[in-house]
Amino acid sequence: MLASGRLAAVLRTVQAARFGAAFITAPVRHIDLDHHGIPGSRHYGALRRAGAREPWLPCGMLLRNDRQLSALCPDELAEVAAALAIEALPPQWLGGNLLVEGLPGFSRIMPGSRLAIGGAWGGKGRFDGTAVLRVEAYNAPCRLSGRAVAAAAGRPELEFAFVKAAARLRGLVLSVDLPGQIAPGDPVVLLKPVQG
């Protein structure tokens with residue numbers, strides 16, 4: 001907790017899609033975000049197509065992209081790994097872009113909150129960091145991520161077990177409010193939405 005009363009954390013890893021890989025990510029030294037996300041990534045763009053997550057809409061309908069990045073928490077990944085009886089659950093198996101350490105209840109952070117990354121401001125005064133990401137929603141576990149975990153762990157039964165084990169622990173999906181370069185070690189300040 002900062003003197004400003006805001007919660008602070010640290011960005012542990014940043015990851016981007018591996019060349020030719022549709023889902024799996026790999027650690028990189030930094031990510032240059034623009035207003036559409038991570039250039040070249042699977043979820044890059046201002047728009048995305050409706051799919052299984054929006055069963056009330058026609059499949060393929062264009063929507064604002066509220067899934068430009070995904071963020072995970074090491075404590076929650078450890079909980080899921082324990083439930084699956086595997087040694088570890090690396091964020092890249094889940095296609096995660098950010099690993100954020102130090103924010104309790106990470107997957108339950110309220111939509112509309114922002115993650116202010118970089119700088120020395122510590123949540124007080126004017127932001128002097130490099131990027132601001134908006135929390136759009138909790139990232140519900142799906143069979144695609146379960147399939148990736150099962151393949152990486154060499155245990156086919158984990159495809160379905162993952163969805164149950166990762167309930168409420170799968171992290172967040174984010175969009176870019178302020179683009180910039182982010183890197184491991186950058187401080188992260190949680191800015192909760194203003195409540196009327």
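Two rings of Phe, Tyr or Trp (its six-membered ring) form an aromatic pair if their centres lie within 6.5 Å. With that in hand, welcome to this predicted model, which holds one aromatic pair.

**The aromatic pair**
- The partners are Trp121 and Phe127, with ring centres 5.4 Å apart.
- Their planes stand at 85°, and planes over 60 degrees apart count as edge-to-face, so that is the name for this pair.
- Trp121 has a relative accessible area of 12%, so this residue is buried, as the limit is under 20%.
- Phe127, with a relative accessible area of 26%, is partly exposed.

**The largest pocket**
- Look for 31 residues lining the largest pocket.
- Nearest its centre lie Arg42, His43, Arg53, Arg67 and Leu144.
- By kind, the lining consists of 14 nonpolar, 10 polar and seven charged residues.
- At least two lining residues come from each of strand S4 (47–49) and strand S6 (69–72).
- S4 gives the largest share of the lining, three residues.

- Follow the chain just past H2 and you reach Gly154, which takes a positive phi of about 70°.

Definitions and conventions:
Residues are numbered from 1 along each chain as its sequence is written. This is a predicted model: local features need pLDDT of at least 70, side-chain atom pairs count only at pLDDT 80 or more; totals for chains, interfaces and linings use all residues. Side-chain values use heavy atoms; hydrogens and water are left out. On a 1 Å grid over the protein atoms alone, a cavity is a set of points where a 1.4 Å probe fits but cannot get out, and a pocket is an open set with protein on both sides within 12 Å along at least five of seven lines; lining residues have an atom within 4 Å of a point. Helices (H or I, at least four residues) and strands (E, at least two) are DSSP runs, numbered from the N terminus. Ala, Val, Leu, Ile, Met, Phe, Trp, Tyr, Cys and Pro count as nonpolar, Asp, Glu, Lys and Arg as charged, and the others, Gly among them, as polar. Rings of Phe, Tyr and Trp (its six-membered ring) pair if their centres lie within 6.5 Å; planes under 30 degrees apart count as stacked, over 60 as edge-to-face and the rest as tilted. Buried means under 20% relative accessible area, exposed over 50%, partly exposed in between (1.4 Å probe, protein chains only).
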